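Reader: I am new to this structure and would like a guided look at it. Could we go through it together, one part at a time?

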Amino acid sequence: MITHKKECVAMLLAGGQGTRLGVLTRDVAKPAVPFGGKYRIIDFTLSNCINSGIDTIGVLTQYQPFELNNYIGNGQPWDLDRINGGVFVLPPYVRGKTGEWYKGTANAIYQNIKFVDNYNPDYVLVLSGDHIYKMDYDKMLDAHKAENADCTIAVIDVPLEEASRFGIMKTEDGGNRITEFFEKPKNPVSTKASMGIYIFNWKMLREYLIADEEDKNSDNDFGKNIIPRMLGDGKRMYAYGFSGYWKDVGTIHSLWQANMDLLDSNSGINLADGKWKIYARNNAFPPHHIGESACVKKSIISEGGDINGDVSESVIFQNVTVKKGAVVEHSVIMPGVVIEEGAKVHHAIIAQNTIIGRDSVIGGELTSEDDITVIGANACIPDGTEIEKGVMLEGR
């Protein structure tokens, strides 16, 4: 039964474990990790959808889903609490007498074919929930229609030395039609990298998903299986170039850097853009307080904060306390953290509700990407503790 036909339905893959983020994703899915002082990573993709006029979104969860599910709720912060459409959390489920986890990105969509069919869409937009960017998917859909494409892949130009981390494609000379696609190649032939954003004609994708599921040798993955198979079958595959800010925050350094980019007016990411707002679920905390002894430079200070120490080039989340004589530099301090008197925090990410004891020293100078110090949620660092740069410490 079709409840209400939609031209385009978005399927947001949000079930990743995010192992490279270590202790930050021990208890939460990567898309639910706090970002930018008041957001979660997934806020950017959800906001892109509603700003692009896409109001029907399936969020496919799997790993540690509770906090993410609770955060999304009925979708009201993103104007997705709708009678026809809205946001739906779609975990794996038992069908008949059997059930299984999502085996891959393609299998995740396959297991939810009935959800998509319910809206009888012409197109399906497949997204990832762990990237920081602003993008008008409606313009991408227009390009997809103009090319009469079967599949359109959003691409961004990356440095050649980083290209092996992505799906890489070649296009025909002077055009956007994809001629070759390589998933994370050892020797990249191009710098056109897939952003993990796809638009498919639904009827065709549906057939490929069913065939892929019947292939016992398949990894059930878009990059490894679906896209190469469609390309091999001569389907019309096109690249859609994107030149704005985009960051895959799948590593500690990239997550830290993306937060630092918010402090740089030339980075390309602007949260104050009223024409393309990033929406989020936020509690009604009181305004932050900057004390008489505080010194704050080039930082984001969110609601509920009580700052009496020195903060520079840092992102401070809600309800953070920085006491007199404490120093925070080039760091990301997540909600509810208390930094006691005399403590020093350098180039670090401190997760929720951690207490940094008096006169402790956390982290140090940044000389490589591995030098970011990470303290997990709910940790209690004793007074006078020294934690060297690059250390990742479990929380409680």
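**Loops, helices and sheets**

Author: Lys184 counts as exposed, at 52% relative accessibility (exposed is over 50% relative accessible area, buried under 20%, partly exposed in between, with a 1.4 Å probe and protein chains only). This is a predicted model, in which local features need pLDDT of at least 70 and side-chain atom pairs count only at pLDDT 80 or more, while totals for chains, interfaces and linings use all residues. Residues are numbered from 1 along each chain as its sequence is written, and side-chain values use heavy atoms, with hydrogens and water left out.

Reader: Where does Lys184 lie?

Author: Lys184 is in the loop between β12 (178-183) and β13 (192-201). Strands are DSSP runs of E with at least two residues, helices are runs of H or I with at least four, and both are numbered from the N terminus. Lys184 is not a glycine, yet its phi is positive, about 50 degrees.

Reader: Is Asn220 buried or exposed?

Author: Asn220 counts as buried because its relative accessibility is 5%.

Reader: Let us move on to α7. What caps its N-terminal end?

Author: Asp221 does: one of its side-chain oxygens lies 2.9 Å from the backbone nitrogen of Gly223. After α7 comes Gly234, with a positive phi near 80 degrees.

Reader: Which residues of α7 are buried?

Author: They are Phe222, Gly223, Asn225, Ile226, Ile227, Met230 and Leu231. Pro228 also lies in this helix, which covers residues 222-232, but Pro228 is partly exposed, with a relative accessible area of 30%.

Reader: What is Pro228 in contact with?

Author: Leaving aside neighbours within four places in sequence, Pro228 is in contact with Phe181, Phe222 and Gly223; contact here means heavy atoms within 4.5 Å. The C-alpha atoms of Pro228 and Ala146 are separated by 22 Å, and these two residues are 82 apart along the chain.

Reader: Ala146 brings us to α5. Which of its residues are buried?

Author: In α5 (residues 137-146), the buried residues are Tyr137, Met140, Leu141 and His144. Seen down the axis of α5, they fall within an arc of 100 degrees, so they line one face of the helix. That arc is taken from the directions from the helix axis to the C-beta atoms.

Reader: Why can residues like these point the same way?

Author: An α-helix has 3.6 residues a turn, so residues three or four places apart point the same way.

Reader: What does the face turned away from the buried side of α5 carry?

Author: That face carries the exposed residues Lys139 and Ala146. At the start of α5, a side-chain oxygen of Asp136 comes to within 2.9 Å of the backbone nitrogen of Asp138. Asn148 follows the helix and has a positive phi, near 50 degrees.

Reader: Now the strands, please. How many residues of β13 are buried?

Author: Eight of the 10 residues of β13 are buried, so this strand is largely enclosed by the rest of the structure. Four bridges join β13 to β8 (residues 123-128), and the two run antiparallel; Tyr123 stands opposite Asn201 in β13. Six bridges join β13 to β10 (residues 151-157), again antiparallel, with Val155 opposite Ser194. Two strands pair if DSSP finds at least two bridges between them.

Reader: What is the order of the strands in the open sheet?

Author: The six strands run in the order β18-β21-β24-β27-β30-β33, with parallel pairing. The edge strands, β18 (300-301) and β33 (392-393), each pair on one side only. Helix α8 (residues 252-261) packs on this sheet and touches β21, β24, β27 (348-350), β30 (373-375) and β33. Within the sheet, two bridges join β21 (residues 315-316) to β24 (residues 332-333), and Ile316 has Ile333 as its bridge partner in β24.

Reader: One last topic: where does Glu340 lie?

Author: Glu340 is in the loop between β25 (338-339) and β26 (344-346). Not counting residues up to four places away in sequence, Glu340 touches Lys323, Ala326, Ile355, Ile356, Gly357 and Arg358.

Terms used: Axes fitted to C-alpha atoms, helices over the stretch in contact; angles between N-to-C directions. Polar contact = N/O pair within 3.5 Å; in protein donor to acceptor, adjacent residues only side chain to side chain.
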